[in-house]
Amino acid sequence: MARNVTQKLIGDHLVSGEMKTGEEIGIRIDQTLTQDATGTLVMLELEAMGLDRVKTEISAQYVDHNLLQEDHKNADDHLFLQSAAQRFGLWFSRPGNGVSHPVHMQHLGKPGKTMVGSDSHTCANGSLGMLAIGSGGLEVAMAMAGEPFYIKMPEVWGVRLTGKLPEWVSAKDVILEMLRRYGVSGGVGKVFEYHGPGLDSLSAMDRHVIANMGAELGCTTTVFPSDDEVRRFLYRQGREADWVSLLPDEGAEYDRVVELDLTQLEPLIALPDSPGNVVPVREVAGRPVYQSYIGSSANPGYRDFAIAAKMVKGRQVVDTVSFDINPTSRQLLENLMQEGLLFDLIQSGARLHQAGCNGCIGMGQAPATGRNSLRTVPRNFPGRSGTVEDSVYLCSPETATASALTGKITDPRDLDMDYPVLDEPKKPVINTQMLMEPPSPEESRKVQLVKGPNISTIHELEPLADPLEVEVLLKVGDDISTDEILPAGAHVLPFRSNIPRISEFAFGIVDDSYAKRAMETYDQGRRHAVVGGENYGQGSSREHAALAPQYLGLRLVVAKSFARIHWQNLINFGVLPLTFDDPEGYDQLEQGDVLILPHLQKSIEQGRKLTAEVKGRNQTVALKHDLSPRQIDVIQAGGLINWVRQRQ
């Protein structure tokens, strides 16, 4: 049978289950990626497992999120992560080396391999012909220990590209067009695999831009073929020996094929406060701009910065705009310096920041209250920038730079300049000095973990009660993101290895009384529930968004639908995720209701449907679950950690 690239990647790594849409499958994992905002918990989980050394081909720990060192917490955790990488046999990317996704793609990613990462944008490495999937940290820890990675077999949609991008239109506009068509939940349960003649005009880093923001579509992942362009990319990185061809077979079929003619695209922009709120730039042209921000994992390539440098060469950005340059790697910085482009950016009035995630995750570069910020980052969820009353737009480097030159949102096609001609460096700088190889097993065993005072152990997870009685402490609407459940930013993420402390911020953006009310309820010996709308838990893979509310007593989330990663994270930490059998059931429940699920274990074992009683109202609500038999065992044990212990 002719296979597409996704089917080849899954089929070649399948260890359990059948490749039937919706069925749970287990796949062998070749590589893992962790970063510092999520990796601290992963390393603590490896220690709790008693793991001697990772069993993957390659595992890498990056420090790219928590780079601000206002006090000891981030610095201490950097030392802990470095010692853990040495102890367990991981590659270690030092602070300032760059954002995990492009650095991994340049130096460690390999076509034909599988990878899971404790970051939702792990899917960016699908640009190389990998099956790269974002997941919760606990599942990544299991993969590092040699366990299969479990997922429901997705549909595979083929996105057939034709034509070539016009001038002033770039890869960011491709993924924004996909978001305009399908929204932030249009990819749930799906892999988007790009193919067709239009690929010939897209570089490997262009593909990275598209694959990265597949996370914003809700995709399981994004896949590109490994073709001559991937070979050329690896050759320029000095890694041609790592290239293998991986193309769809002739006659390969997809669950659905969508057509995208690149020649018909125009500059697009996502309005506040959702990546799916996409319109043509011309529709909002003229709005004043306070900040234009170039960089992040969503636009990490040399061309993304070079186009901005060419546009501002010999010009000045207006004095009302903060023009923020956020390099994605030290290697990129060196190439920009070598080509003289960094000089052009600085001379134009740009502000240069260190290589890392920085403003994308709310670690600095926060905009002024209520002022418009144009960013090439992947997300513009409310408050994610670090400013509560923010107004963040997502756009291409061309649009962000054009707007910095005019002081207002500007379609770059309206500038009085020719489209810049871009040339790649003839001899690109390749810098691996800050990417440390793992020591030998013998040396690793001598390493002691370095733990600062901010690192705590994971609390004991209690089995799910039966019957389960919980009060609805919070009811939220559609598309609630993990940034709203457990915020990021400079004031929160330093507590990522201290669950009691970070739990104080849970749902703070939505309801700043939640954490206090939840702890009071827990201290009274009661547990609670949260009710949500569609696409509950979209966004970041951070498992803190499940673990922190669980620490406060969350045991049940009932929603119209869930984002994939957060749904799995809830299960991993013993929180039962249920959906309404009829979406109108959402309207039946209010904050303060008490739900009772009698005979819970028997109900979830015997079928998909359950009935919850609303205490004191002589009313019931029809619910359902989508747990596999393995996940039922996990949830009954109180979470994945307990389940693993029971198997030993």
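Me: Which residues in H7 do Ala171, Lys172, Val174 and Ile175 in H6 meet?
Reply: Keep in mind that this is a predicted model. On the H6 side, the contact is made by Ala171, Lys172, Val174 and Ile175. By class, the contact of H6 with H7 has 5 nonpolar, no polar and 2 charged residues. The partners in H7 are Asp206, Val209 and Ile210.

Me: Are H6 and H7 roughly parallel or roughly antiparallel to each other?
Reply: H6 covers residues 171-182 and H7 covers residues 204-212, and their axes sit 8 Å apart. The packing angle is about 25 degrees, and angles under 35 degrees count as roughly parallel. So the pair is roughly parallel.

Me: And is the crossing of H6 and H7 left-handed or right-handed?
Reply: Here we're looking at how H6 passes H7. That crossing is right-handed.

Me: Is Thr34 buried or exposed?
Reply: Thr34 belongs to strand E3, residues 31-35. Leaving out residues up to four places away in sequence, Thr34 touches a set including Val42, Met43, Tyr62, Leu90 and Val140. Its relative accessibility is 0%, and the cut-off for buried is under 20%, so Thr34 is buried.

Notes
Residues numbered from 1 in each chain as written. Predicted model: local features only at pLDDT ≥ 70, side-chain atom pairs only at ≥ 80, totals over all residues. Heavy atoms only, no water. Helix = DSSP H or I, 4+ residues; strand = E, 2+ residues; numbered from the N terminus. Buried < 20%, exposed > 50% of the residue type's maximum accessible area, 1.4 Å probe, protein only. Contact = heavy atoms within 4.5 Å. Axes fitted to C-alpha atoms, helices over the stretch in contact; angles between N-to-C directions. Parallel < 35°, antiparallel > 145°, perpendicular 65-115°, else oblique. Left-handed = near helix turned anticlockwise from the far one by under 90°. Nonpolar A, V, L, I, M, F, W, Y, C, P; charged D, E, K, R; others polar.
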